[in-house]
Amino acid sequence: MLFRSKKEQSKRVVQLYKDNPGQRELRSKKMKESWDNGKIEPNINSINESKLEKELREELKKRLLNRKVRKSTIRINNKWFYPDIQIDKNIIIEFYGDYWHANPKTFKANDIVHHKLTAKQIWNRNKKRLNILKNNGFIIFIIWQNEYENDKQKTIQSLIKKL
């Protein structure tokens, strides 16, 4: 068996896509089909999370010893959801990064934020996602990055009271 370094493998893949321009689109389409059909399951360890999000989850674990606080995946109608923090079976805490979720205190509706998306498009996407979760019995709390950064203890205490 021939073993390649990651650098060699990366060069080979880049060259493959240069030689076969339609291959990337085909691969992307097939991967999306596999996700949609449930043939590929997410790896919880590969899901990105910020240091602040992780810090909040760990702090909630310490304070809610009788509750199941974790990072998880949820599958609804063959679609995967990745709540930032799940408590017990039906409570979700979403830790909204100011940039990735286009904090309305920072961005105007027509501002282009990332990936050529306007803040309004991001808000609509968030709303759609939250509605699916709510319609499937989840109770959702949203913590904004700036809210947490400005007063961590107050944010945590407020959240615990709501729980």
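**Aromatic pairs and nonpolar cores**

Tyr148 has 1% relative accessibility, so it counts as buried (under 20% relative accessible area; exposed is over 50%, partly exposed in between, with a 1.4 Å probe and protein chains only). This is a predicted model, where local features need pLDDT of at least 70, side-chain atom pairs count only at pLDDT 80 or more, and totals for chains, interfaces and linings use all residues. Residues are numbered from 1 along each chain as its sequence is written, and side-chain values use heavy atoms, with hydrogens and water left out.

Now the rings. There are three aromatic pairs in the structure (Phe, Tyr or Trp rings, the six-membered one for Trp, with centres within 6.5 Å; planes under 30 degrees apart are stacked, over 60 edge-to-face, the rest tilted). Phe95 and Tyr148 form an edge-to-face pair, because their centres are 5.6 Å apart and their planes stand at 80°. Phe95 is buried too, at 5% relative accessibility.

Next, Tyr96 and Trp144: with centres 5.2 Å apart and planes at 80°, this pair is also edge-to-face. Tyr96 is buried at 4% relative accessibility, and Trp144 is buried at 18%.

On to the cores. The largest nonpolar core has 15 residues, and Tyr148 is among those with the most contacts inside it, as are Leu56 and Ile143 (a core is a set of buried Ala, Val, Leu, Ile, Met, Phe, Trp, Tyr and Cys residues joined through side-chain atoms within 4.5 Å). Beyond its neighbours within four places in sequence, Leu56 is in contact (heavy atoms within 4.5 Å) with Ile85, Ile93, Phe95, Ile143, Tyr148 and Ile156. A second, separate core has 10 residues, including Ile74 and Leu130.
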